[in-house]
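Subject: Structure handover

Dear colleague,

I am passing this structure on to you, with notes on what was found in it. Please look at the sequence and the model first and then read on.

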Amino acid sequence: MLLKIPYFLYKRRMLMSASDAYWQRKMSGQLLELDGRQFKPRAQALMNLQEMFAVPPQNWTVRNMRGAYRKSVALFDGPKPAVREVRDITLELKGRNLKGRVYDNRPIEDYKPALLFFHGGGFVIGDLETHDGVCRRIARYTGAKVISVAYRLAPEHPFPSGLDDALDSWVWLQEQAENLKVDPTQLYVAGDSAGAVLSLLVTATASKGKIGVQPAATGLIYPADLMVQTSPTRDMLANENIVLTKEILDWFQNQFATDELNENHEYVRALSEAQKGNIGPVWIMTCGFDPLRHEGEGLITKLQALGAEVQHKEYQDLYHGFIGAAALFPEVDEMAEDFAAFLAPLKEKAKKAS
């Protein structure tokens with residue numbers, strides 16, 4: 001093991017510094033192809049390296065998996081982008097308190113848009129720290145006040161605890177708009193993976209007037225769909241070494257829900273029961289080499305059928321989870337910038353309306 005550490009550090013340095021052309025040559029003949037897409041060479045090299053140091057299935061404890069996720073982000077997310085104000089807060093909800101973190105790159109501006117952010121991690125792993133970098137980027141590019149929420153995780157708090165937290169956090173944001181100095185007409189919600197599920201739940205539930213105002217915009221980063229258990233991309237990538245194998249997806253599911261999710265539960269059916277014509281603009285990002293890609297594409301169709309304006313961005317050569325490796329992939333900044341561009345005309349329209 002001691003001999004592996006220098007090798008790992010060398011490979012990590014090469015992943016961060018070697019050119020795209022170098023990795024194209026190095027990975028020649030090894031790149032996975034899927035649906036006319038070819039995996040990014042640097043990403044393939046990262047997957048190969050991580051496979052050598054991955055937690056073996058027999059050691060997939062919650063503690064080990066959370067630790068491995070934090071370690072991966074610490075190693076590959078790079079320096080934290082500077083944000084003028086970052087502070088930890090407490091969200092006081094009914095019967096419980098949640099930790100949160102506020103990011104504001106323009107703190108002298110009052111009554112600006114606010115974005116409630118829910119991190120990914122299969123409802124089991126992930127926290128404020130694993131998504132600190134991406135929240136900083138969103139705050140920098142959008143100019144919005146970003147509030148990241150540490151919702152309750154399974155298995156300590158299985159379904160529907162985290163989903164309850166998402167809905168109640170949205171109500172909390174509206175109640176705290178004056179204290180936070182944010183514009184109550186420009187409240188957004190966004191998240192990645194499991195966090196995107198929570199964001200969509202907020203949007204769908206709000207469409208029926210159950211939790212106050214409808215989000216002015218929704219951002220979904222490689223979202224899952226609780227109504228979907230299988231799909232073409234899930235099948236094609238089931239056993240590939242690209243983060244979310246079928247075995248890992250099943251592990252998350254078993255931690256998150258003690259029994260199979262009831263497709264008739266109001267949270268599972270939230271989007272199918274949403275109020276047509278009452279959902280604001282939605283931005284969806286998917287990845288070509290993500291088992292959840294077809295779920296994201298399916299959500300586009302479902303949202304459009306509900307009358308929502310949807311903007312879609314696909315990173316064809318990347319994978320589920322790449323936003324935690326900003327030191328390797330400039331696409332992380334590109335993604336945040338693209339989301340900011342999506343929000344910009346909405347903010348301008350709100351200014352003119354006021």
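Predicted model: local features only at pLDDT ≥ 70, side-chain atom pairs only at ≥ 80, totals over all residues.

Residues are numbered from 1 along each chain as its sequence is written, and side-chain values use heavy atoms, with hydrogens and water left out.

Hairpin

Helices (H or I, at least four residues) and strands (E, at least two) are DSSP runs, numbered from the N terminus. Two strands count as paired if DSSP finds at least two bridges between them. Strand β3 (residues 85-93) pairs with strand β4 (residues 96-104) in the antiparallel sense, over 9 bridges. Within this pairing, Val86 stands opposite Tyr103 in β4. β3 and β4 form a hairpin with 2 residues between them, and Gly95 in the turn has a positive phi of about 80°.

Empty space

Rolling a probe the size of a water molecule over the atoms shows where empty space is left. On a 1 Å grid over the protein atoms alone, a cavity is a set of points where a 1.4 Å probe fits but cannot get out; a pocket is an open set with protein on both sides within 12 Å along at least five of seven lines; lining residues have an atom within 4 Å of a point. Grid points are joined across faces, edges and corners, and a volume is the space filled by probe spheres set on the points.

The count comes to 1 cavity of 30 Å³ or more. About 30 Å³ of space lies in the largest cavity. Its lining consists of Phe123, Tyr151, Arg152, Leu153, Ala154, His157, Gly162 and Phe256. For the classes, Ala, Val, Leu, Ile, Met, Phe, Trp, Tyr, Cys and Pro count as nonpolar, Asp, Glu, Lys and Arg as charged, and the others, Gly among them, as polar. The lining of the largest cavity then divides into 5 nonpolar, 2 polar and 1 charged.

The second largest pocket has a volume of about 270 Å³. It is lined by 17 residues, and the closest to its centre are Tyr111, Lys112, Pro113, Lys347 and Lys351. At least two residues of this lining come from each of β5 (112-118), β7 (182-192) and α12 (331-353). The largest share, 5 residues, is supplied by α12. By class, the lining of the second largest pocket has 5 nonpolar, 5 polar and 7 charged residues.

Aromatic rings

Rings of Phe, Tyr and Trp (its six-membered ring) pair if their centres lie within 6.5 Å; planes under 30 degrees apart count as stacked, over 60 as edge-to-face and the rest as tilted. By this rule there are 14 aromatic pairs. Buried means under 20% relative accessible area, exposed over 50%, and partly exposed in between (1.4 Å probe, protein chains only). Phe8 is buried at 11%, whereas Phe53 is partly exposed at 26%.

The rings of Phe123 and Phe256 are stacked, because their centres are 4.0 Å apart and their planes are at 10°. Phe123 lies in the loop between β5 and α5 (132-142) and Phe256 in helix α10 (residues 246-256), so the pair ties together parts that are 133 residues apart in sequence. Phe123 is buried, with a relative accessible area of 8%, and Phe256 is buried, with 4%. Both residues are also in the lining of the largest cavity. Elsewhere, Phe39, Phe289, Tyr319 and Phe329 form one aromatic cluster.

Backbone details

A cis peptide bond joins Ala154 and Pro155, with omega of about 5°. Ala154 is also one of the residues that line the largest cavity. Pro155 is in the loop between β6 (145-150) and α6 (161-175). The peptide bond from Phe159 to Pro160 is cis too, with omega near 10°, and Pro160 is in the loop between β6 and α6.

Lys181 is a residue other than glycine with a positive phi, near 60°. Lys181 is found in the loop between α7 (177-180) and β7 and counts as partly exposed at 31% relative accessibility. Val243, not a glycine either, has a positive phi of about 65°. Val243 lies in the loop between α9 (232-236) and α10 and is partly exposed, with a relative accessible area of 32%.

Regards
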